[in-house]
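Subject: Structure handover and findings

Dear colleague,

Please find below the structure that I am handing over to you, followed by an account of what was found in it. I would be glad if you read the notes with the model open beside them.

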Amino acid sequence: MSINRRMFVAALTAVMGFAAGQAMPLQALAAEKPSVIRLASFGNAAGKPYGTGAIGVLRAQELLEKEFAADGISIEWQFPRGTGPAINEAIANGQLDFAYYGGLPNIVGRGAGLKTKVVSSYGVSPSYVVARPDAKIASIADLKGKKVATSRGTINELSLFRILEQAGLTPDDIQFFDLQTADQIAAITSGDIDAVVGGGSSVLQLVEQNIATVVFTTKGSPAPGSNFGSFVVTDAFREAYPDLTQRVVNKFVEASYFASDEKNREALFDIWALTGSPRSTFEKDYADEVLKDRQSPLLDDFYRANVTAGVDFAVSQKLIRKPFDVNEWVDDSYLKKALKDYGYENVWTPRDSKGNAVQF
C-alpha cells in the first residue's frame, strides 16, 4: 500500500469514527503506523539482495526489523540492478520510503521533482579506472579516443566526468558506452571496451582476475571524482511519520558506527561479501584506509560541496533543467539528534569544502 493510500485510509477511518460519535484525537492521522517501511539501495552484479557500506550492515544485521518488530511494522528491501535510475523510478511511483544511493542519481531525482530530503551522507569512497592490459592506457590522458564504459545516470558518470576534467578532457574525447555493471564486466572481458570507471568490488574483481589493471584511482585522497552519496527519505513518509523517520535514522547511524569501528573490519568484509562480490575485493579496496574516513554519515561542507558540483554537472549535461538549493534539500536535524543521543558527536571528523579535516 502506498503512502498516499495509507494516509487516505487513515483519514477515512478517522472521519467515520467521528461520524459515529467516537472520540477522535486530533493527531490520529499522524499517529497511525504504516504496515511496512520500504528501503532501497543500489544493486550489484551478482544480484544478491544485500548491500555495502552502512546500508549493508543495516540490512544484514536486521537492525530495522528488530527495531520495528514490536510495532508490527515489516521492512521491505529493494536492490535493483538498474541502480540509481531504477531507485528514482521507484520513488516516483510511490514504492519507496527511504533510499541509499549515489550522488548523481539522487541529484537528478531531486532536480526532476522527486520530493525527498537528505537525512545522512553515506561517506566518500574511491573511484577506479581500470583498463585492459593491451589497451595501451597508462594514464587518464590515454583515455582519449578509447572505449570507456560506466552506467549513465549513476555516481560513476559524474566520477568519470570529473576524472576526465583533471586531464583536460571531456566526455566528447572518449567513446562512451552506457553499460550496467554485469555488462561492463562482460564487455571488457571480451575486448569490446577498453576501460571501465567504477567503485570498489565491481571493478577490482576485474583486476583480481587479470582482466584489467588499475590506471587511476582517487583512493587515499578526497580528490575530485570520488564517489559520494546520500540516504534520503520521501517527504510523504517524513511528514506522516516524523518519529519513525528518526528511529530509522538512529539505526542507520548505529550501522555507520559499526562500519567505522576498526575492530569490526573482518566482520564487515563478511557482511559485504553477502552481495556476491568476492570478499578479497573489499579487502583490497579498504587496504590502508581508515574505516571511519570512508563511512562518515556527516552532512559536512565536503558533502555539500560534492553535491553542489554534482548539481552543476547535472545542469551542464541537461540531466536537470535548473539548479536547486542544496542546503534546502539537506535536513540534518535527524542526524544531529541521533549523534547526540548515541554520544557519537565526536566519532567522525568533519571536512571542509576541499576535503581537509576540520580541527577543533
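Helices (H or I, at least four residues) and strands (E, at least two) are DSSP runs in what follows, numbered from the N terminus. Residues are numbered from 1 along each chain as its sequence is written. Please keep in mind that this is a predicted model, in which local features need pLDDT of at least 70 and side-chain atom pairs count only at pLDDT 80 or more, while totals for chains, interfaces and linings use all residues, and that side-chain values use heavy atoms, with hydrogens and water left out.

I begin with the cavities. On a 1 Å grid over the protein atoms alone, a cavity is a set of points where a 1.4 Å probe fits but cannot get out, and its lining residues have an atom within 4 Å of a point; grid points are joined across faces, edges and corners, and a volume is the space filled by probe spheres set on the points. Of the 42 residues lining the largest cavity, Phe-42, Thr-52, Gly-199, Gly-200 and Asn-227 are the closest to its centre. At least two lining residues of the largest cavity come from each of α5 (83-92), β3 (98-102), β4 (116-125), α7 (155-166), α8 (181-190), β8 (195-199), α9 (201-208) and α13 (279-286), and β4 gives the most, with four residues. If Ala, Val, Leu, Ile, Met, Phe, Trp, Tyr, Cys and Pro count as nonpolar, Asp, Glu, Lys and Arg as charged, and the others, Gly among them, as polar, the lining of the largest cavity divides into 15 nonpolar, 25 polar and two charged residues.

The second largest cavity has a volume of about 60 Å³, and its lining includes Val-124, Arg-162, Asn-227 and Phe-302. Here α7, β10 (227-234) and α15 (301-316) each supply at least two residues, and the lining of this second largest cavity has seven nonpolar, four polar and one charged residues.

Next come the sheets, where two strands pair if DSSP finds at least two bridges between them. Strand β6 (residues 147-150) and β7 pair in the parallel sense over four bridges, and Thr-150 stands opposite Asp-178 in β7.

Another open sheet, also with mixed pairing, has its five strands in the order β2-β1-β3-β10-β4, and its edge strands, β2 (74-78) and β4, each pair on one side only. Within this sheet β3 and β10 pair in the antiparallel sense over five bridges, with Phe-98 opposite Val-233 in β10.

Finally, helix α3 (residues 53-60) and helix α11 (residues 242-260) pack at an angle of about 110 degrees with their axes 8 Å apart, where axes are lines fitted to C-alpha atoms, for helices over the stretch in contact, and angles run from 0 to 180 degrees between N-to-C directions. The two helices α3 and α11 are therefore roughly perpendicular to each other, a term that covers angles of 65 to 115 degrees.

With best wishes

Key:
Parallel < 35°, antiparallel > 145°, perpendicular 65-115°, else oblique. 1 Å grid on protein atoms, 1.4 Å probe; cavity = no way out; pocket = protein on both sides within 12 Å on 5 of 7 lines; lining within 4 Å.
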